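Here are my notes on the fold and its side-chain pairings. Please read them alongside the model.

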Amino acid sequence: MDRTEHLDLRPASWYRSTFATAAPEPVLGEELPAGWEGVHFPFETPFAQLREDGSPAEDGVLPVIDLPRRMYAGEDTEFLAPLRYGDVVTQRTSLGSLVEKQGRAGRLVFADLVREYLVDGEVAVRSTWHDVFLEAQPAVPSPRTAAPEVAAEDVDPDVGADWTVTRSLDSRQLFRFSAVTGNTHRIHYDRQWAREVEGLDDLLVHGPLTRILVLDALTANAGGRRLASVRFRAEAPVLVDTAFRIAGTDGPEGTSVVVRAADGTVLASTDAAWRP
């Protein structure tokens, strides 16, 4: 499935003013920062084709999957050439692997969507989006509990990191990201749904947003290097109004990044490779 649009400044300006005020202002002809292609090409699923959770049931690529819950699990991205503001870009989406498994929580379907961003027929960015479809959660409300702070005598798991960034996002920021990307999943704005249906303590920060924040931190600490590829995995919920830390460690093969909660829980992990 192909969609074509001009990469105008408005989505990037919205993202920058909400999440990345230290980044340069978007300017026509300049390169998009790595990952910011993710705020273009918003979801356009008709309302009648949404699941009860707000995620697309029919998108023209995936077959209809008879499980009620859909979650983002991660993304693998190759940066092959720059995308620039003002470019006419075609986003080509195709089905990757589709695997059904049986887990502790019941039946699971893992689905990959391959998105290529083409300029003049050449692929500039290729990203494989990993989704998981799940059975219904038991309808048990989960009251919010504060994450325990790391005690002073505990060893900081990121003590050897080359850089760290601490973030906390509120519901206004989640709403803005949902709006700019056309994401109608109720887990990001409907607290009752998040708690009683999904079994979370509060609203969930979008996995694709967490990924872009990680890429922003990588870019800010690149030291002139350019990203070649990124492997991002969501491992535990990142919740609204809750501080999390992004820590990067450089190595001979690239940079590894871990996103942790205040209690040290790993929320996401990333492996980034740089261009020679």
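1. With which side chain does the side chain of Thr90 make a polar contact? The partner is the side chain of Thr4, at 2.9 Å. A polar contact here is a pair of N or O atoms within 3.5 Å; within protein, one must be able to donate a hydrogen and the other to accept it, and residues adjacent in sequence count only if both atoms are side-chain atoms.

2. A word on the basis. This is a predicted model, in which local features need pLDDT of at least 70, side-chain atom pairs count only at pLDDT 80 or more, and totals for chains, interfaces and linings use all residues. Residues are numbered from 1 along each chain as its sequence is written, and side-chain values use heavy atoms, with hydrogens and water left out.

3. Back to Thr90. Thr90 sits in strand β3, residues 88-103. Helices (H or I, at least four residues) and strands (E, at least two) are DSSP runs, numbered from the N terminus. Thr90 counts as buried because its relative accessibility is 18%. The classes are buried under 20% relative accessible area, exposed over 50%, and partly exposed in between (1.4 Å probe, protein chains only). Leaving aside residues up to four places away in sequence, Thr90 touches Asp2, Arg3, Thr4, Phe41, Glu116, Tyr117 and Leu118. Contact means heavy atoms within 4.5 Å.

4. Thr4 also turns up in the strand pairing. Thr90 is the bridge partner of Thr4 in β3. Strands β1 and β3 run antiparallel and are joined by 5 bridges. Two strands pair if DSSP finds at least two bridges between them.

5. Now the whole sheet. It is open and has 10 strands, in the order β1-β3-β4-β5-β2-β7-β10-β9-β8-β6, with antiparallel pairing. Its edge strands are β1 (2-6) and β6 (163-167), each pairing on one side only. On average, neighbouring strands are turned by 20° against each other, direction ignored. Axes are lines fitted to C-alpha atoms, for helices over the stretch in contact, and angles run from 0 to 180 degrees between N-to-C directions.

6. Two more pairings deserve a look. Strand β3 pairs with strand β4 (residues 106-119) over 13 bridges, in the antiparallel sense. A hairpin through 2 residues connects β3 to β4. Gln102 stands opposite Arg107 in β4. Further along, β2 (residues 69-79) and β7 (residues 227-234) pair antiparallel over 5 bridges. There, Asp76 faces Arg231 in β7.

7. How many salt bridges are there? The count comes to 24. The rule asks for a side-chain nitrogen of Lys or Arg within 4 Å of a carboxyl oxygen of Asp or Glu. One of them pairs Glu100 with Arg107, at 2.7 Å from N to O. Glu100 is exposed, with a relative accessible area of 51%.

8. Arg126 and Glu78 form another salt bridge, with the closest N and O atoms 3.3 Å apart. Arg126 is in strand β5 (residues 122-134) and Glu78 in strand β2, so the pair ties together parts 48 residues apart in sequence. Arg126 is partly exposed at 26% relative accessibility, and Glu78 is partly exposed at 33%.

9. Asp241 bridges to Arg191, with the closest N and O atoms 3.8 Å apart. Asp241 lies in the loop between β7 and β8 (244-251) and Arg191 in helix α3 (residues 191-197), so this pair links parts 50 residues apart in sequence. Both count as partly exposed: Asp241 at 39% and Arg191 at 31%.

10. Last, a network. Salt bridges link Asp156, Asp158, Arg245 and Arg260.
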